[in-house]
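This briefing covers salt bridges and strand pairing. The sequence and structure come first, followed by notes grouped by topic.

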Amino acid sequence: MSHQLWTGCNVATMAPNAPTPYGLIEDAALVTEGARIAWVGPRASLPPALASQCTAQHDAAGALITPGLIDCHTHLVYGGHRANEFELRLNGASYEDVARAGGGIASTVKATRAASAEELRAQSLPRLQALAAEGVTTVEIKSGYGLALEHERKALQVARGLANSTSGCLPVDVRTTFLGAHAVPPEFAGRPDDYLDEVLAMLPALYAEGLVDAVDAFCERIAFSTAQTQRVFELAQTLGLPVKLHAEQLSDSGGAALAARFKALSADHLEWLSEEGASAMAASGTVAVLLPGAFYFLRETKLPPIQLLRNKHVPIALATDCNPGSSPCTSLLLMLNMGCTLFRLTPEEALAGVTRHAARALGLPDRGTLAPGQRADFVLWGVDHPAQLSYAIGANPRRQTIFKGCPV
């Protein structure tokens with residue numbers, strides 16, 4: 001298996017408990033062996049025997065190298081858009097007015113159901129391309145806009161196939177999450193438990209087809225209760241699937257504690273998280289995924305309890321929450337800036353949130369840091385210091401992505 005060597009770089013390993021902020025190694029060398037990292041450290045310490053095995057050598061020309069970025073919460077596959085609702089709200093319409101006019105999630109469900117797989121792929125691919133262009137190498141994509149077996153299947157199949165599109169292979173891994181318990185579709189209006197029975201029938205079928213990596217639900221007063229969510233989690237548990245949860249976005253519904261009881265990979269949003277919920281997450285190792293794009297777009301004022309999460313040592317991840325209704329965003333770099341400016345994360349916390357902690361939020365221990373044995377997903381940036389990735393608004397200093405050891 002061939003070895004490749006990168007020099008002329010500074011490397012932010014993002015290793016936990018590193019002796020330097022960001023795990024930063026100046027004047028570094030990085031060696032890959034196939035799709036894995038074989039060695040990383042100061043260039044002066046590179047073993048000569050290992051250097052002699054490298055069949056390709058790359059001068060990074062002073063670039064900063066970080067792990068490939070990970071967007072651990074998106075709803076990237078959907079039909080249509082909701083710009084009209086955005087305009088209506090800014091002209092004074094309430095959410096109830098929008099809903100009465102057939103808007104809200106129901107409009108996205110209608111558009112997603114109406115779209116063919118080819119149409120969905122054509123609409124969704126540019127979103128994934130935009131993320132990849134900013135150094136994202138792993139993306140989670142949820143279903144949840146089909147809300148019927150054939151349409152949930154269609155969305156998950158499109159999500160699975162996006163990285164290997166007809167326009168060429170993107171340097172991105174896609175992880176799929178079944179979010180059938182996202183909302184009650186129009187045909188089940190007023191009958192949430194009947195619809196939940198449908199969700200519980202969908203999940204085993206889609207899992208058997210190899211379309212599901214994890215299971216999510218929206219636990220909130222406008223969606224599903226903790227008791228209803230528990231039914232979904234219990235089935236996921238019997239199938240051996242990890243769970244995650246939209247929790248505490250609009251109220252403290254006890255979702256975080258429920259997620260922790262099922263050792264969820266993550267609980268996401270969390271603006272209304274209580275101390276009890278944070279303690280439960282800390283005990284279970286559940287990651288807090290914060291979504292500043294939705295906070296910004298919805299003009300929320302209730303901040304997630306950042307200091308509480310720090311005090312409880314709950315890992316904090318960041319994601320785009322790319323979706324048509326509350327975060328039509330395809331820039332994870334912008335989320336770094338928003339995480340710092342809106343939520344007061346430090347730039348190091350923000351970068352850990354889209355690398356090491358985002359990997360943990362997807363149950364992927366083989367990425368998110370740069371260390372021997374880790375997957376060789378990394379990005380070369382034209383910046384002097386890691387803080388610059390959070391600092392600039394609307395900038396994209398990516399020079400090159402390395403995906404599974406292959407320069408892109």
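Arg36, Asp173, Asp366, Arg367, Arg375 and Asp377 are linked in a network of salt bridges, a salt bridge being a side-chain nitrogen of Lys or Arg within 4 Å of a carboxyl oxygen of Asp or Glu. The structure holds 18 salt bridges.

This is a predicted model, in which local features need pLDDT of at least 70 and side-chain atom pairs count only at pLDDT 80 or more, while totals for chains, interfaces and linings use all residues. Residues are numbered from 1 along each chain as its sequence is written, and side-chain values use heavy atoms, with hydrogens and water left out.

**Salt bridges linking separate elements**

- Arg43 and Asp27 form a salt bridge in which the closest N and O atoms are 3.0 Å apart.
- Arg43 lies in the loop between strand 3 (36–42) and helix 1 (48–53) and Asp27 in strand 2 (residues 24–33), so this pair ties together parts that are 16 residues apart in sequence. Helices (H or I, at least four residues) and strands (E, at least two) are DSSP runs, numbered from the N terminus.
- Arg43 is partly exposed at 44% relative accessibility, and Asp27 is partly exposed at 39%. Buried means under 20% relative accessible area, exposed over 50%, and partly exposed in between (1.4 Å probe, protein chains only).
- Lys312 pairs with Glu275 in a salt bridge, the closest N and O atoms being 3.4 Å apart.
- Lys312 lies in the loop between helix 12 (306–311) and strand 14 (316–318) and Glu275 in helix 10 (residues 275–284), so the pair ties together parts that are 37 residues apart in sequence.
- Lys312 is partly exposed at 23% relative accessibility, as is Glu275 at 47%.

**A salt bridge between buried residues**

- Arg82 forms a salt bridge with Glu85, with 3.2 Å between the closest N and O atoms.
- Arg82 is buried at 13% relative accessibility, and Glu85 is buried at 4%.

**Strand 2 and its partners**

- Strand 1 (residues 3–12) pairs with strand 2 in the antiparallel sense over 7 bridges; two strands pair if DSSP finds at least two bridges between them. Leu30 in strand 2 is the bridge partner of Trp6.
- Strand 2 also pairs with strand 3 in the antiparallel sense, over 6 bridges. Arg36 in strand 3 is the bridge partner of Glu33, and Arg36 also belongs to the salt-bridge network.
- Strand 2 and strand 3 form a hairpin with 2 residues between them, and Gly34 in the turn has a positive phi of about 65 degrees.
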